Every structure is written in structure tokens, then in C-alpha cells.
Amino acid sequence: MKNLPGTSTRKKTDRFPSTIALSSPFKDATAAFNLLNRDFPPYHNHMHWELLVMIQGSLIHTVNNMDFIYESGDACLIRPNDKHCLNYIDNVKSPCQYVNFTFRNDFAESFFSIHDSYNNLLNSDEILHFALDDADIVTITDRCLFTHNLPQENYEANTKLIICQILLKFFERRLLANPDYPLWFNNFLTYISTPSNFGKSAEELALSTPYSYTWLTRYFKKYTGITLIDYINDKKMIYAKRLLQTTTLTTLQISEKIGYSSLSSFNHLFKKTYNTTPSEYRKQHSRENN
């Protein structure tokens, strides 16, 4: 998610063809979803809660008069007292896909009371956005396609389950937030730790904050004790290690996926971090699993 100039804060999944659009088949459902790719309602609020998840493409999401660029994986929990709308960037129509889940206050209150204060969330001035990774997006889209054709009772139950699973990600990020850091900095840490952003340069990542790259690097070292580049590289290496363990992607594909144009640079940093090359690490992991 990326802030537009004058406001406060970011991927690409081709899971859905841009022609797909599914509306909720049950207008009286206590929890429902719409999978959309078309023009959008005007700036509005509503009596229920909404959970918006971008699937593919880019749109401007305006929430309480603040504009954000939303891309694949960006999500927002929208309260009944929030006003919001979606629009094309620079009014240029482009392929996009998003899903919005709607659910009633009673369901929200019962779920939120387990993880947080319902009133705290309802009355906070914070924009409740967060990030999901590519695997989350694939899971959400698959489950939506499956759920759409179910009878109403099963449709509602499955929709609530999908909502709960997404919101667990939201609360997990809130719990991991450091209370000693400003809100914008906690949001930034989440942003740069999201795998779909690993292909962006540090300068591009800095655009998601209210500060210039130079000032951001100073704040980052002050808050964390390490440099921004070292932090980003550490997150990339952890993710690379996971991809080597769990996928058949080549080392070149992994290198490109996390933003290294040079395979030798990736190999060098991986060996410096783990005292072994990516290929050796994968072989060792394969032997351990056999």
C-alpha cells in the first residue's frame, strides 16, 4: 500500500482473470462477499462492517478523506463510521480485481472481543489497513470461488470462516507491533516484511512513509539499532530460505523474486548469512527430509 502525496501510506497476483465478477447470491446473509472488477460506488459509509482485499491490479482507496494506492495483497477493515470509496488511478481504467466481505455488528463484536476491544477498534482514528502475502491471496480466492455456489447456510458459515482467517492476520500484526514505535513505523515494518514488496528498492519502500529516504534511514537506525538495508536483507534471506525448503523454484527464480538482479549477489549474501550456498542449503534440507 502506498500513500499518495499529502496523505499517510504499498504486488501482483494473476489468480483471477479480469473478467470475473461474482455478487453475493443472498442479499439477507449475515456475512457475504462480492468479487468485483468494475466501476465503484461513490464515497459512502454503511451500517455494517466491511473487509476489503485487493486481488490484482491497483486502485486508489480513499478512507476518511485520505488516499492510498492499494495493490494485490493490501487489505482494509472498514468500520460502520468510516467513509470510503475506490477509484482508478489517474482515472485510467485498468484491469483490477478485489473482494469485499460484509458482516453485521453482532458478528464483529463477538469476534473482536476475543482479540481486542470492540469499542477500541470502532472508535480509533487509525486506518485499519494491513498486508497479506501471495499465499493468502490464492487461498482467499480459491475459497471464495468454492463458497459462492453453496446453499445459504453453508455460504454464510464459510464466508465467516474466511473473514475470521483474514482478520487473524490483522490481529497478528497488531500484536507484533512494538508499543515503543510510532504507528507509521510499525506499519512500515509490516510493509517491508511482506514478501511481495521484496522486489522494491529501499528508495521505493521509503515512499510508503511520511519521510524522505535520508530521514527514514536515520529514524530506522535510531529505532532498531541496525540499518534499513541490513533489515531488508535479513527478511529477504529468511524468505529465500523458506522458498528453498518448500518450493521447486530455481535459485535464479528465487533471487529475482526477492529483488536481486544478480544471482551472484544473492548467492554471496546467502552464504554470508548462513555459511552455505543456496544450492547446498537445499540439498541439505532435502537429505534431512528423506
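Author: Start with helix packing. Phe188, Leu189 and Ile192 of α5 are in contact with Leu228, Tyr231 and Ile232 of α8.

Reader: By class, how many nonpolar residues does the contact of α5 with α8 have?

Author: This is a predicted model. On the α5 side the contact includes Phe188, and on the α8 side it includes Tyr231. The contact has no polar and no charged residues, and its nonpolar count is six.

Reader: Is α5 roughly perpendicular or oblique to α8?

Author: Helix α5 covers residues 183-192, and its axis is 10 Å from that of α8. The two helices pack at an angle of about 45 degrees. Roughly perpendicular requires 65 to 115 degrees and roughly parallel requires under 35. The angle therefore makes α5, relative to α8, oblique.

Reader: Which residues of α8 make the contact with α7?

Author: Helix α7 spans residues 213-224 and helix α8 spans residues 228-246; their axes are 9 Å apart at an angle of about 75 degrees. That angle makes α7 roughly perpendicular to α8. From α7 the contact takes Tyr213, Leu216, Thr217 and Phe220, and from α8 it takes Leu228, Ile229 and Tyr231.

Reader: At roughly what angle do the axes of α8 and α10 cross?

Author: Helix α10 is made of residues 263-274, and its axis comes within 11 Å of that of α8. The angle is roughly 95 degrees.

Reader: By class, how many charged residues does the contact of α8 with α10 have?

Author: In α8 the residues are Asn233, Met237, Ile238, Ala240, Lys241 and Leu244, and they meet Phe266, Leu269, Phe270, Thr273 and Tyr274 in α10. Lys counts as charged. Eight residues of the contact are nonpolar and two are polar, and the charged count is one.

Reader: How many disulfides does a search of the whole structure find?

Author: A disulfide needs two cysteine sulfurs within 2.5 Å. The sulfur of Cys76 has its closest cysteine sulfur in Cys85, at 12 Å, which is too far for a bond. For Cys144, the nearest cysteine sulfur belongs to Cys164 and is 14 Å away. The number of disulfides found is zero.

Reader: Is Cys144 buried or exposed?

Author: The cut-off for buried is under 20% relative accessible area. Cys76 falls under it at 0%. Cys144 has 2% relative accessibility, so Cys144 is buried.

Reader: Where is Asn275 found?

Author: Most residues other than glycine have a negative phi. Asn275 is not a glycine, yet its phi is positive, about 60 degrees. Asn275 is exposed, with a relative accessible area of 66%. Its place is the loop between α10 and α11.

Reader: What is the relative accessible area of Asp90?

Author: Asp90 has a positive phi, near 55 degrees. Asp90 lies in the loop between β7 and β8. Asp90 is exposed, and its relative accessible area is 67%.

Reader: Over which residues is the pLDDT below 50?

Author: The chain averages a pLDDT of 85, and 91% of the residues score at least 70. Where pLDDT is low, the predicted coordinates should not be read in detail. The stretch below 50 has 56 contacts in the model beyond near neighbours in sequence, and it covers residues 5-19.

Technical notes
Residues numbered from 1 in each chain as written. Predicted model: local features only at pLDDT ≥ 70, side-chain atom pairs only at ≥ 80, totals over all residues. Heavy atoms only, no water. Axes fitted to C-alpha atoms, helices over the stretch in contact; angles between N-to-C directions. Helix = DSSP H or I, 4+ residues; strand = E, 2+ residues; numbered from the N terminus. Parallel < 35°, antiparallel > 145°, perpendicular 65-115°, else oblique. Contact = heavy atoms within 4.5 Å. Buried < 20%, exposed > 50% of the residue type's maximum accessible area, 1.4 Å probe, protein only. pLDDT = per-residue confidence, 0-100.
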